[in-house]
Amino acid sequence: MAYAFATLGVPGMPLPEVLALAARTGYAGLELRCAEGEPVEVSMPAARRRRAAEAFRDAGVAALSLASYLKIAAPGPDAPVIDAVRRHLELAADIGAAHLRVFPGGGAAFPGGGAVRRAAARLRAVAAEARAHDVRILVETHDSHPRGRDVAALIAASPGVGAIWDVMHPYLSGERPEATLAALGDRLAYVQVKDASPSRAPVQLGTGVLPLREIGRLLARSGYRGWVSWEYEAAWYPEAAPLPDLLPAARDRLARLMGRA
């Protein structure tokens, strides 16, 4: 397995500092939060994009994904969503990110067919650009579609689109880890781990309420050899312990939890 962490845990930290932190603490990749005020966002001019791509190459760290806040099945007109996805695909390609993360955002239409139809139409509209940019769109288990079977249904009609297993949302929605893994099947691109207190505040891996050891054993039995990324939600919980202080110990802890020590 290869290990990454999400820059959601270090909001606003300049990219060179984040890359140095990842390299120093043994993480091979980054999930890049794409939002206003972050080092990577869609208004970046071309020169900054080139510098970002060069910084990743120089650091020897992979840009695992551009973590957008786009909602592929959100109610409303298609055109603004499609345009936003295209702009994010271009940014991902420019900085060398392998994936573009989107949320479902299906709204009240789920579990009816509206969300599935909207997502399929929008994903078809950007499929050629995704292939041309060599960036794979991934839908995360989240919001309106928190379970593996929800996301699997949403992307079933969209060949080439994959999934991110955010381990918290399916579990808290009552879906067992083995059911999530089975539902996502070969659409699973990578696993996003986290741990949380009963209030959902982020905590060090293995100290909260989520069944990370069980998930690690399940992945090991399945033969999974892909990326595992730690999303520490410090941006939403400013009282949480600083992520840089946790990263070194968490790297070894993550390997043990995933059965790869």
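1. Asp 166 stands opposite Gln 192 in β7. The model is predicted, so that local features are given only at pLDDT of at least 70 and side-chain atom pairs only at pLDDT 80 or more, while totals for chains, interfaces and linings use all residues. Residues are numbered from 1 along each chain as its sequence is written, and side-chain values use heavy atoms, without hydrogens or water.

2. Strand β6 (residues 162–166) pairs with strand β7 (residues 188–193) in the parallel sense, over 4 bridges. Two strands are taken to pair if DSSP finds at least two bridges between them. Strands (E, at least two residues) and helices (H or I, at least four) are DSSP runs, numbered from the N terminus.

3. Parallel pairing also joins β5 to β6, over 3 bridges, with Ile 164 in β6 as the bridge partner of Glu 140.

4. How many residues of β6 are buried? The count is 5 of its 5 residues, where buried means under 20% relative accessible area with a 1.4 Å probe, protein chains only. In a regular strand the side chains alternate between the two faces of the sheet. In β6, Gly 162, Ile 164 and Asp 166 point one way, Ala 163 and Trp 165 point the other way, and all are buried. Strand β7 is largely enclosed by the rest of the structure, because 6 of its 6 residues are buried.

5. Leu 138 lies in strand β5 and is buried, with a relative accessible area of 0%. Beyond its neighbours within four places in sequence, Leu 138 is in contact (heavy atoms within 4.5 Å) with His 99, Leu 100, Arg 101, Val 102, Gly 162, Ala 163, Ile 164, Ala 189 and Tyr 190. The C-alpha atoms of Leu 138 and Leu 188 are separated by 8.7 Å, although these residues are 50 apart along the chain.

6. Helix α9 deserves a separate remark. A bend of about 45° occurs at Ala 249, taken as the angle between axes fitted to the seven residues ending there and the seven starting there. The end C-alpha atoms of α9 span only 18 Å, whereas a straight helix of 15 residues would span 21 Å at 1.5 Å a residue. Buried residues of α9 include Leu 243, Leu 246, Leu 247 and Ala 250; the buried residues of this helix pack against β1, α1 (15–25), β7, α8 (212–222) and β8. Gly 259, with a positive phi near 75°, follows α9.

7. Helices α5 (residues 148–155) and α7 (residues 177–184) pack at an angle of about 10°, with their axes 8 Å apart. That makes α5 roughly parallel to α7, a term used for angles under 35 degrees. Gly 148, Arg 149, Val 151 and Ala 152 in α5 meet Thr 180, Ala 183 and Leu 184 in α7.

Definitions and conventions:
The expected span of a helix is 1.5 Å times one less than its number of residues. Buried means under 20% relative accessible area, exposed over 50%, partly exposed in between (1.4 Å probe, protein chains only). Axes are lines fitted to C-alpha atoms, for helices over the stretch in contact, and angles run from 0 to 180 degrees between N-to-C directions. Angles under 35 degrees count as roughly parallel, over 145 as roughly antiparallel, 65 to 115 as roughly perpendicular and the rest as oblique.
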